[in-house]
Amino acid sequence: MRSFVLAFLFFNVVSCSDGSDAQPSSSKAFPKTASLTNPDASPSAPRKILEFYSDESHIGRPGRNKIEIEIVRLGDLRPHRADNFAIIRFYSLTSEKKWEMKQTIEIENYALAKADPQFLDFTGDDLKDVTFISGTAARGSNEVRTLLIYDNKEDKLIHIENSEEYPNIEYNKKLKCIDSWRVYGGTATDFARIEGSRIKTFATVENFGGYRTVTTFDGEGRERVLRRDKISDDDLYTRYRNFNPLEY
């Protein structure tokens, strides 16, 4: 009986020891950025850098700001998630001539093409912002980009959250706004302004079904049709630079 009791106690001690000594899986399998934006990533797969870009000659204040863009794959993703992530790091030059990282922005990336960063002024302040390809549109004529605006007052980048909804985006110097060109069964030129971290449409010229329709939108999104004209097939793929009067 005494031997049975000793054996029973030994078994319990070993069982408790196994449970208490168990260690959680390593949190070092991924960098911190992965755990913030990609909870579905497999903890066994390492981060893979697919593309890397760095620029300190164009973004924001040339020579005083620097941007790095990494396109990475963060482990094995579920089918409903983005394949890749874009990790943007933004720096400012200190008085000691050292690069200080001001912010890190992480954005889901669905693009099949290369990121192809481009530096253009989208606000009319003569300081360049950045766009990069971050999605794939159903039609090849639509280039889907993410826009990040340089905020000179705060010395940081603002991610324009809905910029991917505006394909073939450009800055319209005449109207001092953003315009984009959508290609589908017809085409539409959208005129929009940046409000905070989003773009808001205030006018559209649509060529569709043999007609050109010019529509404006007020602050509440209520629409008003200014004109509707019959057009020929040759006019279908026109991109406009103004809506009232019509210019292209």
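## Briefing: strands, cores and aromatic pairs

Phe191 counts as buried, at 0% relative accessibility (buried means under 20% relative accessible area, exposed over 50%, and partly exposed in between, with a 1.4 Å probe and protein chains only). This is a predicted model, where local features need pLDDT of at least 70 and side-chain atom pairs count only at pLDDT 80 or more, while totals for chains, interfaces and linings use all residues. Residues are numbered from 1 along each chain as its sequence is written, and side-chain values use heavy atoms, with hydrogens and water left out. Let's start with the rings and then walk through the sheets and cores.

**Aromatic pairs**

- The structure holds five aromatic pairs (rings of Phe, Tyr and Trp, the last by its six-membered ring, pair if their centres lie within 6.5 Å; planes under 30 degrees apart count as stacked, over 60 as edge-to-face and the rest as tilted).
- One of them joins Phe191 and Phe243, a tilted pair with 5.4 Å centre to centre and 50 degrees between the planes.
- Phe191 lies in strand β11 and Phe243 in strand β15 (residues 242-243), so this pair ties together parts that are 52 residues apart in sequence. Strands are DSSP runs (E, at least two residues), as helices are (H or I, at least four), and they are numbered from the N terminus.
- Phe243 is also buried, at 15% relative accessibility.
- Tyr240 and Tyr248 make an edge-to-face pair, because their ring centres are 5.9 Å apart and their planes stand at 85 degrees.
- Phe191, Phe202 and Phe243 form one aromatic cluster.

**Thr189 in strand β11**

- Thr189 is found in β11, which covers residues 187-195, and it is buried with a relative accessible area of 0%.
- A polar atom of the Thr189 side chain lies 3.2 Å from the backbone nitrogen of Tyr240.
- Leaving aside residues up to four places away in sequence, Thr189 touches Asp179, Ser180, Trp181, Ala203, Thr204, Val205, Thr238, Arg239 and Tyr240 (contact means heavy atoms within 4.5 Å).

**Nonpolar cores**

- The largest nonpolar core has 17 residues, of which Ile59, Ile67, Ile69, Ile88, Val130, Phe132 and Leu157 touch the most other members. Such a core is a set of buried Ala, Val, Leu, Ile, Met, Phe, Trp, Tyr and Cys residues joined through side-chain atoms within 4.5 Å.
- At least two residues of this core come from each of β2 (65-74), β3 (84-93), β4 (99-109), β6 (129-133) and β7 (145-151).
- A second, separate core of nine residues includes Phe122, Ile160, Tyr166 and Ile169.
- Ile69 has contacts with Glu51, Phe52, Tyr53, Ile87, Ile88, Pro117, Val130 and Phe132, not counting residues up to four places away in sequence.

**The β5-β6-β7-β8 sheet**

- Four strands form an open sheet in the order β5-β6-β7-β8, with antiparallel pairing (two strands pair if DSSP finds at least two bridges between them).
- β5 (118-120) and β8 (156-160) stand at the edges with a single partner strand each, so one side of each is left without a neighbour in the sheet.
- Four bridges join β6 to β7, and these strands run antiparallel. Ile133 stands opposite Arg145 in β7.

**Asp155 in the loop**

- Asp155 lies in the loop between β7 and β8, and at 11% relative accessibility it counts as buried.
- Its side chain makes polar contacts with the side chains of Ser92, at 2.4 Å, and Arg61, at 3.2 Å. A polar contact is a pair of N or O atoms within 3.5 Å; within protein, one must be able to donate a hydrogen and the other to accept it, and residues adjacent in sequence count only if both atoms are side-chain atoms.
- Asp155 and Phe90 are 65 residues apart in sequence, and their C-alpha atoms are 9.5 Å apart in space.

**The β13-β14 hairpin**

- β13 and β14 form a hairpin with five residues between them, and Gly221 in the turn has a positive phi of about 90 degrees.
- Seven bridges join β13 (residues 211-217) to β14 in an antiparallel arrangement, with Tyr211 having Lys230 as its bridge partner in β14.
- Strand β14 (residues 223-230) lies largely in the open, because the number buried among its eight residues is zero.
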